[in-house]
Amino acid sequence: MNLENVKKIMLVTLKWIFICVLTGIFSGSASAFFLVALDWVTQYREHNNWMIWLLPIGGLIIGLLYYYCGKSVVKGNNLLLEEYENPQKIIPLKMAPLVLFGTLITHLFGGSAGREGTAVQMGGAIADQFTRIFKLDNTDRKTLIILGISAGFASVFGTPLAGALFALEVLYFSKISYKSIPLSFLTAYIAYFTVEFWHVKHTHYSIPILPEMSFTTLFWIISVSVLFGLAAMLFSRSTHFWGHLFSKNITFPPLRPLVGGIILALAIYGIGTTKYIGLGIPAIVDSFSNPNASYDFILKILFTGFTLGAGFKGGEVTPLFFVGATLGSTLSIVVPLPIALLAGMGFVAVFSGATHTPLACTVMGMELFGIESGIFIGIACAIAYFSSGSVGIYNAQIVKGAKYHLYQKLRRKNMELL
């Protein structure tokens, strides 16, 4: 290798390191601001429950904002996946402030939504701007999108390893270049440490007691993990169902969250609790030590699917944590495993099934709960992944591999029976 080639490689390497640093710092700072703002609006709503009656107005504001200013970015996470698979146009930077504002409005007035979608969209929009600055081609654009997803996920949850792996795994079957792998990890850690720099704290969980692994323990882990997979399937299909129902029956998009907001406000008033709106972090934390009611996870699926289907903004992942943790907590009444272990397995396993990312979710579980729980978490995520059906929360995600072939065989068998 001659000196000229060495110089060229070094310049390219330095360029990508520089891009990773900028993406990590900007995305991490955006997530830090978002987390602080999200905590503020949540606390304000909890101390002023009358705000829930303004949910229809908040929905109308979001609907009008996206209809007149954000048609090009209304697809959210699916737009990132689509642009990765088939690059067309640079993702508009306005995606970041629009989804930030839309999510804060959703949480301020009492919608049930998460935060991962917001952070990932902000990260993706920020990262893709470097396409123009550095005059990158479509192949390099794909790497930028991975970096944006990695930075957003890692910074909003405080899990850099899982963030990097999630960005790679969610796009795995759309062909990933090898250079994206180390760059994804570098960006994730920079974004993570940026949030740490701003002194923004993440929620901590623990699994204090782990049983001995035996055939009986394995039987129970597999059994509950199938239920976690079915819960993931129900969550995904619920979100798609409500989205289709609203788009089919209300042709003017801004009216969808207005109508949805009216129904949600009445429903929240009717059940007499705010447990199933917002992120639901207190309920998630409580599920690690106290058994939940058997209907908690179902109501969270219903409220979140309806909120997002109506056109409100936010992510799906924290509600998935809620669904999994509360379901696991409920199962502790009849399953002879520690309640915190069941809640922790459900926490990441339902997420695994809904996003088709068992590896990232396993690593996330170890980052959150400790490496000692890895074998239990890994089995739960794998089983939930295979038992959650072929439809996930992201319509644009390409799902192939072992799971794809399994469900193709099942479909063929069902057709033969018919």
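Buried means under 20% relative accessible area, exposed over 50%, and partly exposed in between (1.4 Å probe, protein chains only). The model is predicted: local features need pLDDT of at least 70, side-chain atom pairs count only at pLDDT 80 or more, and totals for chains, interfaces and linings use all residues. Residues are numbered from 1 along each chain as its sequence is written, and side-chain values use heavy atoms, with hydrogens and water left out.

**View 1. K275 and D296 form a salt bridge (a side-chain nitrogen of Lys or Arg within 4 Å of a carboxyl oxygen of Asp or Glu).** The N to O distance is 2.7 Å. K275 sits in the loop between α11 (255–271) and α12 (281–287), and D296 in helix α13 (residues 296–309), so the pair ties together parts 21 residues apart in sequence. Helices (H or I, at least four residues) are DSSP runs, numbered from the N terminus. D296 is buried at 1% relative accessible area. K275 is partly exposed at 31%.

**View 2. E83 and R141 meet in a salt bridge.** N and O lie 2.9 Å apart. Helix α3 (residues 77–85) holds E83 and helix α7 (residues 138–157) holds R141, so parts 58 residues apart in sequence are tied together. Both residues are buried. E83, D128 and R141 are linked in a salt-bridge network.

**View 3. D140 pairs with K179 in a salt bridge.** Their closest N and O atoms are 2.4 Å apart. D140 is buried at 12% relative accessible area, whereas K179 is partly exposed at 32%.

**View 4. C361 is buried, at 0% relative accessibility.** Its closest cysteine sulfur, in C381, is 5.2 Å away, too far for a bond. A disulfide needs a pair of cysteine sulfur atoms within 2.5 Å; the count is zero.

Methods
Helices (H or I, at least four residues) and strands (E, at least two) are DSSP runs, numbered from the N terminus.
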